[in-house]
Amino acid sequence: MKKAAGRGILTIVILSLCMTACGGKGGVTKAGTPADAVENVLEAVKELDFKTCNQYSDNYVKTYKNWLGIPTEREYRIFNELQQPGLKKGKKYKANKRFAEEVVRNLSWNLGEVRRQGDKAEIDLEITNTDMTDVMGHYTIHIMEDMIKVDGTGLGQLVRSLSELDYDKGRVLTYLEQAEGTRTEVVTATLYQKDGEWKLHLDEPLIRAVMGNLNAEKYSQEVEERLEHLEAEYERKMEQWGEEILFPHK
């Protein structure tokens, strides 16, 4: 398997994870200042208070409708999956919520300098969370090891592994619970004023910091080296499998 293909597996997993979410509690306070808005949103994320998070940020992007004009899907920058129309809070919801609770369990922050100009503002933020940089790397290692163990291409095993992403089978959650250390990032939050209240823009650096770098583009050296070894091993497996198919009596 080429390195890009291996990272492609990871991309699928990460996108699924970053769409997991939280429930709504509805405790709302006013955001008369940019600092109020930042505190409201981050506290809402920490408490899994969806209503407040969306009220004081631009998390909501758009709604997709069918030809009858009935909403079929909503798009959010974070916490997308559990905000869909007609969502039933069953087993999968509870498992996703448990995962989200673990993601934000150690989240903390400090506000720095506030720079306001008219209806726009910037705030320096120091955000600390569990260092989740290698969580998805370890999960990808698990997937690839399983693919190498089975006969044939291993693609069937890949499908089975990805089907476990509702977390109730404990796979990804286990790696998350095993994450060690903390990660602190300094980011600049941007805000804008709308209808007399301040709203926080959820850009990629801010989301990455809040999520403890869960959607990391690069892992630690140890994990990267293990993935490269497994990718090379899988390539050899595929070459051998192809030879056995083409030359069964060789």
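Which residues do ring pairs link into a cluster? I looked this up first. Ring pairs join Phe50, Tyr60 and Tyr76 into a cluster.

**Ground rules.** I note that this is a predicted model, in which local features need pLDDT of at least 70 and side-chain atom pairs count only at pLDDT 80 or more, while totals for chains, interfaces and linings use all residues. Residues are numbered from 1 along each chain as its sequence is written, and side-chain values use heavy atoms, with hydrogens and water left out.

**Aromatic pairs.** A pair of aromatic rings is described by the distance of the centres and the angle of the planes. Rings of Phe, Tyr and Trp (its six-membered ring) pair if their centres lie within 6.5 Å; planes under 30 degrees apart count as stacked, over 60 as edge-to-face and the rest as tilted. I searched the whole structure and found three aromatic pairs. One of them is Phe50 with Tyr76, a tilted pair with 6.4 Å centre to centre and 35 degrees between the planes. This pair links distant parts of the chain, since Phe50 is in helix H3 (residues 50–55) and Tyr76 is in strand S2 (residues 71–76), 26 residues apart. Helices (H or I, at least four residues) and strands (E, at least two) are DSSP runs, numbered from the N terminus.

I then checked burial, where buried means under 20% relative accessible area, exposed over 50% and partly exposed in between (1.4 Å probe, protein chains only). Phe50 has 8% relative accessibility, so Phe50 counts as buried. Tyr76 has 12% relative accessibility, so Tyr76 counts as buried. The rings of Tyr60 and Tyr76 have centres 5.6 Å apart and planes at 65 degrees, so this pair is edge-to-face. Tyr60 lies in strand S1 (residues 60–65) and Tyr76 in strand S2, so the pair ties together parts 16 residues apart in sequence. Tyr60 is partly exposed, with a relative accessible area of 40%.

Two strands pair if DSSP finds at least two bridges between them. S1 and S2 pair in the antiparallel sense over five bridges. I found Lys62 opposite Glu75 in S2. S1 and S2 form a hairpin with five residues between them, and Gly69 in the turn has a positive phi of about 85 degrees.

**The sheet.** What is the order of the strands in the open sheet of four strands? The order is S3-S4-S5-S6, with antiparallel pairing. Strand S3 (108–117) and strand S6 (197–200) stand at the edges with a single partner strand each, so one side of each is left without a neighbour in the sheet. Strand S4 (residues 120–130) and strand S5 (residues 182–194) pair in the antiparallel sense over 11 bridges. Leu125 stands opposite Val187 in S5. Helix H2 (residues 34–47) packs on the sheet and touches S3, S4, S5 and S6. Here contact means heavy atoms within 4.5 Å.

**Asp58.** Is Asp58 buried or exposed? Asp58 is buried, with a relative accessible area of 10%. I located Asp58 in the loop between H3 and S1. Not counting residues up to four places away in sequence, Asp58 touches Arg77, Tyr192, Leu200, His201 and Leu202.

**Ile127.** I listed contacts of Ile127, leaving aside neighbours within four places in sequence. Among them are Leu107, Trp109, Val187 and Leu206.

Notes. Axes are lines fitted to C-alpha atoms, for helices over the stretch in contact, and angles run from 0 to 180 degrees between N-to-C directions.
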